Amino acid sequence: MHSFRYRDGSLHCEDVELGALADAHGSPLYVYSAATIRDHYRRLDAALGELDHHIAYAVKANSNLAVLRLLAAEGADFDIVSGGELFRVTKAGGRAAGCTFAGVGKTREEIEYALREGIYCFNVESEAELRFIDRVAGELGERAPVAVRVNPNVDAGTHKYISTGKSENKFGVDFQDIEALYARAEAEMPNVALRGLQMHIGSQLTSVQPFVEAVEKVAPLAAGLKAKHGIEFFSIGGGIGIIYEDSLASGDRRWWEEGARGDARPLTVEEYASAVVPVLKPLDMKILFEPGRFIVGNAGVLISRVLYKKRGRAKTFAIVDAGMGDLIRPALYQGHHDIAPVKEPSGEAETVDIVGPICESGDFFAQDRVLPELAEGDLIALLSAGAYGFVMASNYNSRPFPAEVLVDGADAEVIRKRQSYDDLVAGEAV
Ligand SMILES: *Cc1c(COP(=O)(O)O)cnc(C)c1O
């Protein structure tokens, strides 16, 4: 479900007009739809209904406290990758006891913090880390619940920067080495409790095939570890892809993209569930899912204003007030974002580059894109910016972070204030 559509000539998020939000709160501005986030969570939860399952939302996709609060209220648990994310979850009212802690480089401070908070499980990415967790837990007189992340050596068929399930990726322990590692843990590491098995093969998967391949390969391993070591859960990670093209609500097919789109089809959760549930159900274990992008990706947009039009000899540029510091996906991994004018367009189309103000040639949102003719002062919406958007923002070029707004029906709340120049230098000394 997408809650961004044209109504009365202008783009709305649910019942709120985006132009009015930009006038009130300035630009660039992130806007999220609460209804979309809830809908995605509930649809996934319903599709997995046949399994004893938990949804651990991957906090790194969008970690705003209000977003976490909303998901906690839906019953979500959380997959975290740092102590800072654990802090956010508890601050937002989420349960530490529902947190799984992933990531290849957990520090002593993070491990101690997570043990004190009583998280559900450390998802461990190497033998060295497992031994270190055992040591730290022993020093604190605790027993650390652990699962090892298995690297199943399956090609997720996604961009190489967001592929994580091949042997050459830094993530997890090789499939062949898992059983021996659990045996060593049982024999030599008294301060860890073997609680589960985890995997995550990558992000933005748009076909169900790699999931099926990985689950079919790893399920027998999970069954064996359950029999031998009494593990209680198997986490199959996140990675459900979303549609970045054609991401306005249906019925709002845009005339300026004539012929260019129309075949984009999302991987639906129903399709995902009907492929993986039959393999997982016979395990009779608790199954964890760690979706991030699927829950929030299409639930957010980044609003930006056109500062200047520049007609060069080779190209026409629309220079906007958002940059790669606000949304880095295009620069980092050729991420595509559909762009829609906030005021419903009519008239001429043109081929433009949409670029930011940052002093880098990689600072663009679109190149040679056919868009309705934009004028200086016009607002645009970069669609599907709810995941891996604000969370990756940087202050590069000393540009303050944008504000974030959460829309719920006709209500719109600022859930993060725009940074000021003072915020920008907070903590620095001369
Ligand atoms: C990033 C990540 C996820 C979430 O991935 P999405 O593609 O956003 O669903 C889940 N699990 C782990 C371990 C991750 O690192």
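This is a predicted model: local features need pLDDT of at least 70, side-chain atom pairs count only at pLDDT 80 or more; totals for chains, interfaces and linings use all residues.
Two packed helices are described by the angle between their axes and the distance between the axes. Helix 3 (residues 65-74) and helix 4 (residues 83-91) pack with their axes 9 Å apart, at an angle of about 60°. This angle makes helix 3 oblique to helix 4, and the crossing of the two is right-handed. On the side of helix 3 the contact is made by Leu65, Leu68 and Arg69, and on the side of helix 4 by Arg88, Val89 and Lys91. By class, the residues of this contact divide into 3 nonpolar and 3 charged, with no polar residue.

Helix 7 (residues 178-188) packs with helix 6 (residues 127-139). The axes of helix 6 and helix 7 are 12 Å apart and meet at an angle of about 20°, which means that helix 6 is roughly parallel to helix 7. The crossing of helix 6 and helix 7 is right-handed. Helix 6 contributes Glu127, Leu130, Arg131 and Asp134 to the contact, while helix 7 contributes Leu181, Arg184, Ala185 and Glu188. Of these residues, 3 are nonpolar and 5 are charged, and no polar residue takes part.

Helix 7 also packs with helix 8 (residues 209-229), at an angle of about 20° and with an axis distance of 11 Å. Helix 7 is therefore roughly parallel to helix 8. A right-handed crossing is found for helix 7 and helix 8. In helix 7, the residues Ile178, Glu179, Tyr182, Ala183 and Glu186 meet Leu221, Leu225 and His229 of helix 8. The contact of helix 7 with helix 8 has 5 nonpolar, 1 polar and 2 charged residues.

Burial was examined for helix 5 (residues 108-117), where the buried residues are Glu110, Ile111, Glu112, Tyr113, Ala114 and Leu115. Just after helix 5, glycine 118 takes a positive phi of about 75°.

Alanine 22 lies in helix 1 (residues 18-25). Alanine 22 counts as buried because its relative accessibility is 3%, below the cut-off of 20%. Apart from neighbours within four places in sequence, alanine 22 is in contact with Ser27, Leu29, Ile303, Arg305 and Leu379. Leucine 302 is 280 residues from alanine 22 in sequence, yet the two are 10 Å apart in space, C-alpha to C-alpha.

The structure holds 0 disulfides. For cysteine 99, the closest cysteine sulfur belongs to cysteine 121 and is 12 Å away, so the two sulfurs are too far apart for a bond; the limit for a disulfide is 2.5 Å. Cysteine 99 counts as buried because its relative accessibility is 0%. Cysteine 359, by contrast, is exposed, with a relative accessible area of 63%, where exposed means over 50%.

Conventions
Residues are numbered from 1 along each chain as its sequence is written. Side-chain values use heavy atoms; hydrogens and water are left out. Helices (H or I, at least four residues) and strands (E, at least two) are DSSP runs, numbered from the N terminus. Buried means under 20% relative accessible area, exposed over 50%, partly exposed in between (1.4 Å probe, protein chains only). Contact means heavy atoms within 4.5 Å. Axes are lines fitted to C-alpha atoms, for helices over the stretch in contact, and angles run from 0 to 180 degrees between N-to-C directions. Angles under 35 degrees count as roughly parallel, over 145 as roughly antiparallel, 65 to 115 as roughly perpendicular and the rest as oblique. A crossing is left-handed if the near helix is turned anticlockwise from the far one by less than a right angle, and right-handed if clockwise. Ala, Val, Leu, Ile, Met, Phe, Trp, Tyr, Cys and Pro count as nonpolar, Asp, Glu, Lys and Arg as charged, and the others, Gly among them, as polar.
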